[in-house]
Amino acid sequence: MTPAQAYAQLNRLLWANRLPKARIVIGNDLTRKCMGLTIQDDVLVQPVIFLNSAYKRWGSTLVHEIVHVAEPSLGHGKLFDALVNHYWRAAKKVIAGIK
């Protein structure tokens, strides 16, 4: 399963396809010092999620970045982490092949 396929399944499973389509980029040019990064604003047609290729287990990072897409005004903290953990547990139960 690719991260783009996982994004589509997570969007269907957790957000009833309400999230915008996103471009998923795997590499390490923008993410050398972090596992992932999301860029989205009013100018971009769709959010861009960067995942660091050095991390082979990208599932929880993808969920983290999707929460940024779903809740752009919610900053990091206890509530944000609780949402990520809740969605990640749900994803692992339902989506085969997510790592």
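Exposed means over 50% relative accessible area, buried means under 20%, and partly exposed lies in between (1.4 Å probe, protein chains only). This is a predicted model, where local features need pLDDT of at least 70, side-chain atom pairs count only at pLDDT 80 or more, and totals for chains, interfaces and linings use all residues. Residues are numbered from 1 along each chain as its sequence is written, and side-chain values use heavy atoms, with hydrogens and water left out.

**Stop 1: the loop.** Stay on A16. It sits in the loop between α1 and β1 (23-27). Helices (H or I, at least four residues) and strands (E, at least two) are DSSP runs, numbered from the N terminus. Check the backbone of A16: phi is near 50 degrees, a positive value in a residue other than glycine. Most residues other than glycine have a negative phi.

Now select N17. This residue is also in the loop between α1 and β1. Phi of N17 is near 60 degrees, again positive in a residue other than glycine. N17 counts as partly exposed, at 47% relative accessibility.

**Stop 2: N11.** Step back into helix α1, where N11 lies. Is N11 buried or exposed? N11 counts as buried, at 7% relative accessibility. Which residues does N11 touch, not counting those up to four places away in sequence? They are A16, N17, R18 and L19. Contact means heavy atoms within 4.5 Å.

**Stop 3: two helices.** Select α1 (residues 3-15) and α3 (residues 78-94). Two packed helices are described by the angle between their axes and the distance between the axes. Here the angle is about 110 degrees and the axes are 11 Å apart. That makes α1 roughly perpendicular to α3 (65 to 115 degrees; under 35 is roughly parallel, over 145 roughly antiparallel, the rest oblique). Axes are lines fitted to C-alpha atoms, for helices over the stretch in contact, and angles run from 0 to 180 degrees between N-to-C directions.

Show the side chains. L10, L13, L14 and W15 in α1 meet Y87, A90, A91 and V94 in α3. By class, this contact has 8 nonpolar, no polar and no charged residues. Ala, Val, Leu, Ile, Met, Phe, Trp, Tyr, Cys and Pro count as nonpolar, Asp, Glu, Lys and Arg as charged, and the others, Gly among them, as polar.

**Stop 4: the whole chain.** Zoom out. The chain has 3 helices and 3 strands. Along the sequence, the pattern is α-β-β-β-α-α. Buried residues make up 37% of the 99 residues.
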